[in-house]
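Open your viewer and get ready to select residues by number. This tour goes stop by stop.

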Amino acid sequence: MESFSYKFSAFVLGVIVFSPVLAAAAPPPFAQLLTTGHVDEAIVSLQKQITTSPNDAESCNLLCRAHLAIGNSDAGIAACQKAVALDPKNSQYHLWLGRIYGQKAEHSRFFTAAGLAKKVHKEFETAVELDPSNLEARADLAEFYIEAPGIVGGGKDKAEIQAREIGSLNPSQGHLIRAQLAEKKNDLATAEREYRDAIQTSGGLAGTWLALAQFYYRRGRMDQMRDALQRATSGPLNQAILMRAAEVLVHSKRDLPTAIELLRRYLAGDTVEDDPAFKAHYLLGTLLEERGDRTAAAEQYRTALSLAADFTPAQDALRRVSHLPAGDKVAVVSGTE
């Protein structure tokens with residue numbers, strides 16, 4: 001079963017669409033815990049809030065998103081389902097329920113994943129129906145149509161319709177969806193042209209350059225990838241670009257010192273919910289470990305676990321660098337490098 005990732009469209013949309021005024025607005029206290037990566041604290045606080053106010057749909061939605069961040073799909077699904085039940089007309093709540101169904105589908109066997117994929121489809125479509133101007137929902141629905149097989153509701157013709165609708169609301173985002181669709185069809189010349197059209201129509205926003213860099217990475221065009229990453233990470237940018245650019249370098253096994261620098265810059269500034277700080281600390285730890293600095297790597301893993309104690313990759317990594325047998329409890333000490 002193909003995976004149903006929403007990360008690309010949701011992230012790039014945030015770079016392109018959100019205005020500086022909206023980006024600067026202070027989120028509610030519980031949401032702030034998610035943007036700063038304090039997932040454990042967020043879960044505890046939200047559970048207390050829901051116990052006190054069981055009809056608080058927004059807290060249920062935030063709890064779902066906290067569980068999604070650490071990969072706890074079952075608990076997240078229950079929280080998102082409750083948010084939808086409390087406020088069934090809320091487009092965003094249906095969107096997040098679809099996203100966490102998608103996360104569980106990625107780690108399920110075929111028949112279970114197929115059933116979950118149908119639920120993803122239903123929730124994304126409902127989110128769009130409830131709010132046709134919800135670009136996040138449209139982008140996720142378009143990506144579902146591109147990636148999912150027809151038996152569960154996918155279809156490139158449906159994606160083309162969404163691309164037109166999205167393009168009428170935001171031309172640059174429309175080009176990005178068309179680029180994904182062309183790449184899926186293996187029409188690489190059209191895909192590259194659409195990525196570059198997205199850059200042009202957005203005025204050169206960092207997220208569109210990053211999307212082009214990711215395309216070049218997937219095609220093995222490493223010199224062009226590095227050039228696009230340089231354009232993405234220089235000048236004014238969305239802070240999360242730094243972590244995404246670092247991930248591209250890590251996956252391509254190119255210029256890892258620059259990846260370390262980008263992660264340090266990301267952690268030194270404002271972090272975002274889609275790229276939580278605990279994951280950035282974990283990724284930085286893997287790079288430091290590869291460089292041979294096991295002590296610094298262990299500190300990064302501990303910092304990640306101080307924010308999200310159940311984050312399994314950091315647990316396993318800390319056991320590895322600490323030479324602990326599998327299953328032994330790891331000692332977590334708060335703090336940063």
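**Stop one: H4 and H5**

Select helix H4, residues 39-52, together with H5. The model is predicted, and in it these two helices pack at an angle of about 150 degrees. Their axes lie 9 Å apart. How do H4 and H5 run relative to each other, roughly parallel or roughly antiparallel? Angles over 145 degrees count as roughly antiparallel, so H4 and H5 are roughly antiparallel to each other. The crossing of H4 past H5 is left-handed.

Now show the side chains at the contact. From H4, pick Val-39, Ile-43, Leu-46, Gln-47, Gln-49 and Ile-50. From H5, pick Ser-59, Cys-60, Leu-62, Leu-63, Ala-66, His-67 and Ala-69. Colour them by type: 9 are nonpolar, 4 are polar and none is charged.

**Stop two: the disulfide**

How many disulfides does the model have? The count comes to 1. Select Cys-64 and Cys-80, which the disulfide joins, with S to S at 2.1 Å. A disulfide is a covalent bond between the sulfur atoms of two cysteines. Look along the S-S bond of Cys-64 and Cys-80: the torsion is about -85 degrees, so this disulfide is left-handed.

Zoom out to see what the pair links. Cys-64 sits in helix H5, residues 57-69. Cys-80 sits in helix H6, residues 73-86.

**Stop three: H9 and H10**

Move on to helix H9, residues 135-147, and helix H10, residues 156-169. They pack at an angle of about 155 degrees, with axes 8 Å apart. H9 and H10 are therefore roughly antiparallel to each other. H9 passes H10 in a crossing that is left-handed.

On the H9 side, select Leu-135, Arg-138, Ala-139, Leu-141, Ala-142, Tyr-145 and Ile-146. On the H10 side, take Lys-156, Lys-158, Ala-159, Gln-162, Glu-165, Ile-166 and Leu-169. What is the make-up of the contact of H9 with H10? It divides into 9 nonpolar, 1 polar and 4 charged residues.

**Stop four: H18 and H19**

Next, select helix H18, residues 294-307, and helix H19, residues 312-322. Their axes come within 9 Å and cross at roughly 150 degrees. That makes H18 roughly antiparallel to H19. The crossing of these two helices, H18 and H19, is left-handed.

H18 brings Arg-294, Ala-298, Tyr-301, Arg-302, Ala-304 and Leu-305 to the contact. H19 brings Ala-314, Gln-315, Ala-317, Leu-318, Arg-320, Val-321 and Ser-322. Of the residues in this contact of H18 with H19, 8 are nonpolar, 2 are polar and 3 are charged.

**Last stop: confidence**

Colour the protein chain by pLDDT. The chain averages 88, and 88% of the residues score at least 70. Then select residues 1-27, where the pLDDT is below 50. Beyond near neighbours in sequence, residues 1-27 have 69 contacts in the model.

Terms used
Residues are numbered from 1 along each chain as its sequence is written. This is a predicted model: local features need pLDDT of at least 70, side-chain atom pairs count only at pLDDT 80 or more; totals for chains, interfaces and linings use all residues. Side-chain values use heavy atoms; hydrogens and water are left out. Axes are lines fitted to C-alpha atoms, for helices over the stretch in contact, and angles run from 0 to 180 degrees between N-to-C directions. Helices (H or I, at least four residues) and strands (E, at least two) are DSSP runs, numbered from the N terminus. Angles under 35 degrees count as roughly parallel, over 145 as roughly antiparallel, 65 to 115 as roughly perpendicular and the rest as oblique. A crossing is left-handed if the near helix is turned anticlockwise from the far one by less than a right angle, and right-handed if clockwise. Contact means heavy atoms within 4.5 Å. Ala, Val, Leu, Ile, Met, Phe, Trp, Tyr, Cys and Pro count as nonpolar, Asp, Glu, Lys and Arg as charged, and the others, Gly among them, as polar. pLDDT is the predictor's confidence in each residue, from 0 to 100. A disulfide is a pair of cysteine sulfur atoms within 2.5 Å.
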